[in-house]
Amino acid sequence: MDPRQFEHIVVKDNDIQSIVMSYLLHNCFDETADSLASTTGIHQPVIDRDNMERRKQIMHCILEKKALKAVELTEQLGQDLLEKNKDLHFDLLCLHFVELVCDGKSKEALEFAKTSLAPFGMVQKYVGKLEDAIALLAYEDPEKSPMFYLLSSEYRQQVADNLNRTLLEHANQPSYTPMERLLQQVTVARQYLTEENGKDAFPPFSLKDYVKG
Amino acid sequence: MDGTIGSKGLVKKTELVRIITDALISLGFNGIAADLENQSGVNLLDPTIKHFLDLAERKEWHNCITLLQEEGLQVRDEKVARFLLLEQTFLDFLKDDNLDDALNTLQEEMTPLGVKRRRLEKLPSKFVFPDSGEERFIEVMRKLQKVFPPAAIVPEGRLVRLLEESLYHQMRDCDYHNAPDTDMSLCFDHCCWKSKIPSKAVQTLVGHTDEVWFLKFSNNGKYLASSSKDNTAIIWEINAEGGEFSMKHKLEGHEKPVVEVSWSPDDQQVITCGESEVIKRWDVGSGQCVQTCGRDDVGSISCGWLHDGSGIIGAMADRRIYLWNLDGTEIEHEQGQRGQKISDVAMTSDGKWIVSVGREQNEISLFDRVTRGETVIQVEGMVTSFSLSRDDKYLLVNLITQEIHVWMIDGRREPRRVYKFSGHKRSRFVIRSCFGGYDENFIASGSEDSQVYIWHTDFERGPCCVLPGHGGAVNCVSWNPTDIHMLASASDDRTIRIWGLDLE
């Protein structure tokens with residue numbers, strides 16, 4: 001089969017809608033998912049609505065700077081979940097620390113660091129981020145510090161995504177959406193084809209540019 | 001006290017006075033030092049800087065900061081100076097559990113300075129990990145001293161250090177330097193040129209009745225052991241007053257020519273190796289043979305001591321190396337049968353390596369007794385003999401091509417050849433050479449043209465001295481390890497010559 005003849009492949013509407021639906025459910029866009037279902041008549045897969053509700057709640061906690069509440073809710077879902085995912089646990093606790101610092105509660109932040117974060121300081125891989133977080137205290141205005149990335153919403157989103165995936169794994173559901181997988185595969189396939197034809201034959205594939213059209 | 005002193009205009013008078021003041025203090029003459037400061041009007045240390053350092057010693061950081069601001073102290077970087085002082089106040093607040101003041105110092109006083117960002121960002125961690133990396137006070141004081149311009153503070157012992165550098169340069173500039181350190185003086189420039197190389201035959205030792213093949217000084221330099229084709233070895237002793245050698249013992253018992261003599265680390269005993277025969281151990285005090293080692297089926301080629309004197313090494317004609325305890329029992333030796341006949345063997349003084357040479361091929365083996373691994377050095381020609389330096393770092397190798405090579409074998413890196421010497425003659429016999437002289441910077445060798453050759457390792461081009469006098473090939477030389485002005489040579493003319501300084 002010649003890869004350039006991709007236009008001959010027939011893609012069914014149903015399949016596309018399934019992919020979009022799975023994406024929405026993965027990211028807890030429950031209202032949008034309901035809307036899509038009722039508009040297209042596509043059958044919503046049998047998923048654990050309760051699980052999705054909880055995940056949605058937890059994600060929002062993180063984005064709304066309530067990391068400790070997110071931890072509490074996660075532990076309700078599975079007691080050993082955070083124990084088995086120490087990296088994630090660390091990131092969440094760090095977020096809480098950062099929240100305290102931003103609220104100007106320096107002393108409380110220090111207390112929290114001593115009790116909850118210090119144990120992580122013994123492990124080499126956490127030391128860097130921990131030092132970065134604590135270093136925020138040197139600055140009256142943490143936003144102006146070189147470690148401001150810890151305060152950004154992008155970072156919080158990243159942690160939230162990680163937690164989402166871990167929660168899905170814990171519930172024995174796939175942690176990656178078909179959409180993501182397909183896009184990953186497309187990127188690799190295009191890259192490979194470009195290289196096959198010689199490095200300068202085609203420009204490197206950029207998903208971003210492709211989507212722009 | 002303005003201006004400079006000296007012909008080159010490089011030495012500032014005020015600085016000279018200051019380093020002399022410091023030298024006087026280190027010699028214990030505090031009173032004279034104070035007088036010098038008074039009379040010259042030049043202070044060893046600027047009074048304000050002295051005040052600052054005194055306050056720092058007493059950890060009065062706030063006063064230091066005030067002094068810095070108000071007295072306008074000359075510093076290299078004011079912000080860095082403030083930072084270091086504030087850092088100390090921060091650490092003090094932490095120690096007192098005063099979180100508010102600590103945070104305040106950090107956020108409102110230190111961060112705005114905009115210096116030492118990496119150091120700054122490590123400080124908040126001390127809230128959470130209080131025991132991490134506390135700096136020693138001596139380090140803190142050192143950093144504070146560096147806050148001032150370089151000439152503001154005279155390092156302790158500066159004058160002596162400058163003088164030592166000068167003497168050291170004189171030594172380095174002295175080609176063929178072979179004088180003891182006690183010869184160096186501040187009162188005149190040193191230059192010994194070749195005058196300190198032993199070059200005059202001060203004594204001829206007669207005692208052997210045939211070719212003398214080997215000789216070696218004891219570790220303490222008081223004895224000389226020689227071995228000969230006449231089947232004997234002789235221990236010579238130096239007379240304390242005259243500095244002359246006389247025969248102490250003749251070691252008789254071998255029935256073959258004695259090819260080698262080796263001193264135990266404590267110089268109480270020697271071992272002798274008969275040519276394709278046995279190895280005998282002798283007590284130096286009595287001259288008696290206390291042990292004979294060997295194997296019935298195979299003869300000895302070469303011998304050596306275990307580094308701690310607890311045993312003997314023998315290289316035998318079956319191409320194996322054997323180790324014996326002093327009671328005669330054999331010790332396990334892991335090195336297998338060698339590919340070629342072994343001609344020389346030795347153990348390094350740390351007990352780690354056994355070095356051996358094969359006769360037919362151009363290889364030297366370094367056997368590691370700990371890892372049981374072997375490093376093989378490929379030399380450019382057949383090896384006839386070798387010798388180790390006293391620090392075990394260098395290997396002297398005599399080649400059939402009339403060259404002497406020096407290899408560096410310091411164990412941490414790959415062995416590599418560092419020097420090549422030539423000029424002497426060798427075509428038929430085994431000729432031996434050795435390290436010697438000041439810092440073992442010289443190489444001495446025998447030669448078939450009856451002369452002793454001496455090279456300095458800085459000058460590979462050619463020997464710096466050639467000593468005639470023997471009536472036959474010079475087979476072996478040994479440099480006295482405790483007297484850098486004494487060399488001994490063994491010759492086919494049946495004599496041994498002791499070489500010393502030519503004092504004319």
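Predicted model: local features only at pLDDT ≥ 70, side-chain atom pairs only at ≥ 80, totals over all residues.
Local features need pLDDT of at least 70, side-chain atom pairs count only at pLDDT 80 or more, and totals for chains, interfaces and linings use all residues. Residues are numbered from 1 along each chain as its sequence is written, chains are lettered from A in the order written, and side-chain values use heavy atoms, without hydrogens and water.

User: How much space lies in the largest cavity?
Analyst: A cavity is a set of points on a 1 Å grid over the protein atoms alone where a 1.4 Å probe fits but cannot get out. Points are joined across faces, edges and corners, and the volume is the space filled by probe spheres set on them. The search of the whole structure finds one cavity of 30 Å³ or more. The space in the largest cavity is about 40 Å³.

User: Which helices of chain B each supply at least two residues of the lining of the largest cavity?
Analyst: Lining residues have an atom within 4 Å of a cavity point. Among them are Leu84(B), Glu87(B), Val140(B) and Lys143(B). Helices are DSSP runs (H or I, at least four residues), numbered from the N terminus. The helices asked for are α5 (78-95) and α9 (137-145) of chain B.

User: How many charged residues does the lining of the largest cavity have?
Analyst: Asp, Glu, Lys and Arg count as charged. The lining includes Glu87(B), Arg119(B), Glu135(B) and Lys143(B). By class, three lining residues are nonpolar and one is polar, while the charged residues number four.

User: What area is buried between chain B and chain A?
Analyst: Contact means heavy atoms within 4.5 Å. It takes 16 residues from chain B and 17 residues from chain A. Buried area is the accessible area (1.4 Å probe) that two parts lose on being put together, summed over both. Carbon and sulfur atoms give 66% of the area, which is about 1600 Å².

User: Which residue of chain B forms a salt bridge with Lys107(A)?
Analyst: Side chains of opposite charge can pair when their charged atoms come close. A salt bridge needs a side-chain nitrogen of Lys or Arg within 4 Å of a carboxyl oxygen of Asp or Glu. There are two between chain B and chain A. In one of them, the closest N and O atoms are 3.1 Å apart, and the partner of Lys107(A) is Asp100(B).

User: How many residues apart are Asp30(A) and Lys56(A)?
Analyst: Their side chains meet in a salt bridge (2.7 Å, N to O). Asp30(A) lies in helix α2 (residues 30-40) and Lys56(A) in helix α3 (residues 49-63) of chain A. The pair links distant parts of the chain, 26 residues apart.

Key:
1 Å grid on protein atoms, 1.4 Å probe; cavity = no way out; pocket = protein on both sides within 12 Å on 5 of 7 lines; lining within 4 Å.
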